[in-house]
Amino acid sequence: MLRPNLTTKILVAVGVTVAVVIAIYTFFVHRVQSEWWRERTQAQNVITATMVHEYITGVMLSDHHQEVFHFLQQLQDKNEIWRGRVIDINGNIIFSTSTQEVKHATLVTPPELFQEKRLLHGVRFEDGQQLTVVMSPIQSLVSCARCHDAKQEFTGAIVLERSLEPAIATVTRNRNLLLIYGALIFVIVGVVVWMLIVRLVAQPVNNVLKQMDRVRAGDLTARVPAQSHDEIGRLTEGFNTMVESLQNTTEELHESHTRQIQQAGKLASIGELASGIAHEIRNPLAGIGAAVEVLAEKSSAQDREIVGEIRRQINRLNATLRGLLDFSRPSEPEIVPCDIGELIKPMLALARPDAQKTNVQIVAEYSADLPPICADRQQLQQAILNVLLNAIQAMPNGGTLTVHGEVLEKPNQTLRVTIRDTGVGISPENRERIFSPFFTTKHRGTGLGLAISRSIVEKNGGVITVESEVGRGTAVFMEFPACKQEVCNAKK
Ligand SMILES: Nc1ncnc2c1ncn2[C@@H]1O[C@H](COP(=O)(O)OP(=O)(O)OP(=O)(O)O)[C@@H](O)[C@H]1O
Ligand SMILES: [Mg+2]
């Protein structure tokens with residue numbers, strides 16, 4: 001298919017417009033000039049007729065009637081008339097430059113010529129040419145009664161014919177000149193418009209297109225040199241700004257990606273190191289634990305308190321080791337359809353004693369008909385428990401812990417569990433770090449709880465986010481896509 005470019009389209013539009021304007025202008029000028037020349041020729045004919053009238057009046061009285069014919073002939077020789085005639089009131093030709101018709105032919109005169117007593121003129125065709133005709137009645141004078149009927153008001157009429165061909169030739173020549181000038185204007189306008197489009201539009205747009213191709217090929221250093229301050233200039237500027245921001249975003253993304261990879265690498269090595277250390281410590285710790293148990297049996301009542309403290313510290317070490325191992329080597333999730341209510345209930349039961357100690361009220365708000373999610377039951381319970389314990393620990397002076405379950409109609413059905421507390425809250429600078437392993441603000445914390453929770457939630461296809469305000473409390477959101485049985489089976 002023919003696909004004309006912008007330059008061709010504009011040139012065609014301008015060309016057609018200029019051609020139409022020139023054609024209309026030429027047509028009207030031609031019409032006006034035709035009219036003007038016809039009227040001018042007629043006016044000249046009338047003047048000549050007046051002259052002949054004067055001449056005839058004089059000559060007729062002097063009895064040199066034949067002079068009239070000579071006078072008409074002279075006018076014809078000077079191209080003042082094409083044919084000249086003098087007729088009587090019955091139309092009989094008395095004198096004529098066409099001698100053969102004298103006294104042999106009769107002209108049919110319009111009745112108004114002698115009735116209305118005025119000069120008549122019109123146009124007729126003869127021998128393939130246009131003639132302007134003027135008929136001027138000759139008034140009867142007293143002296144005319146010698147030869148003419150004294151009762152008649154007119155003795156006859158002068159009939160002059162003048163060719164319109166010279167006028168038509170002039171008008172045609174002028175029209176042709178106009179057309180030549182029009183063609184010249186057409187070419188000049190075309191060239192000027194073409195140069196303007198190329199210089200002001202096509203070239204700058206092509207420059208932008210070239211740079212766009214470079215950007216498409218992945219070269220984000222492509223820029224269009226600024227050329228003007230008009231719309232094209234603004235387009236260029238917009239393009240440059242867009243590519244610059246694309247370049248910055250890409251660089252930022254690249255940097256962040258690199259950082260993430262480095263972080264992931266670091267975490268992986270920390271995880272490996274941690275799990276190695278955990279294994280190394282776990283066995284001697286088990287030995288210490290067993291030895292402490294033996295000591296506990298033999299210890300005095302005074303030493304039992306010390307042994308109890310050793311036991312508590314061993315348990316804490318064990319918990320840290322378990323966390324480390326969970327974080328560094330999380331087992332693959334065993335995906336099954338889970339009812340979120342059933343998952344949360346036992347975790348709330350586990351957390352309740354701690355909550356009671358610090359006077360924390362637990363409120364559970366979720367309906368029984370929430371859709372199931374596909375997840376590893378045990379892992380998810382651990383993730384929820386970590387968040388529940390954090391919430392309780394954030395309210396050392398009491399407060400309310402609310403667990404809320406709801407369905408969000410995002411593009412796909414999503415189940416959201418919110419664990420909200422009215423505790424101390426998290427400062428903005430700490431909020432960035434709470435999911436990092438080993439970040440803790442607690443005296444006895446490992447800083448692994450939220451890191452493990454996030455790793456579990458993400459492994460189970462969910463997202464975990466936090467909103468918090470210092471002094472007012474924290475809300476942790478866990479979102480999972482609600483899933484169907486067959487998807488669950490497919491995930492397994
Ligand atoms: N609900 C909460 N309110 C206030 N701060 C919180 C809350 N949840 C987490 N945090 C902050 O995030 C930090 C990291 O939490 P995370 O659960 O990972 O470790 P931890 O609770 O300190 O230690 P552990 O979980 O081993 O007991 C906490 O030390 C605390 O500062
Ligand atoms: Mg915790």
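How many Å separate the centres of domain 1 and domain 2, taken over C-alpha atoms? The legends below start with that distance.

View 1. The centres of domain 1 and domain 2 are 114 Å apart, taken over C-alpha atoms. Domain 1 covers 6–170 and domain 2 covers 330–491, with bounds from an automatic or database domain assignment. In this predicted model, local features need pLDDT of at least 70 and side-chain atom pairs count only at pLDDT 80 or more, while totals for chains, interfaces and linings use all residues. Residues are numbered from 1 along each chain as its sequence is written, and chains are lettered from A and ligands numbered from 1 in the order in which they are written.

**View 2. The largest nonpolar core.** Here 41 residues come together, and Ile373, Leu388 and Ile392 have the most contacts inside the core. (Such a core joins buried Ala, Val, Leu, Ile, Met, Phe, Trp, Tyr and Cys residues through C-beta atoms within 7 Å; buried means 20 or more other C-beta atoms within 10 Å of a residue's own, with C-beta atoms placed from the backbone.) Helix H8 (residues 377–393) gives the most, with 7 residues; helices are DSSP runs of H or I, at least four residues, and strands are runs of E, at least two, numbered from the N terminus.

**View 3. Helix H7 and its bend.** Look for alanine 351, where H7 bends by about 40°; the bend is the angle between axes fitted to the seven residues ending there and the seven starting there. Proline 353 follows within four residues. Ile340, Ile344, Met347, Ala351 and Ala355 are buried in H7. Just after the helix, asparagine 359 has a positive phi of about 65°.

Methods: Buried ≥ 20, exposed ≤ 12 C-beta atoms within 10 Å, placed from the backbone.
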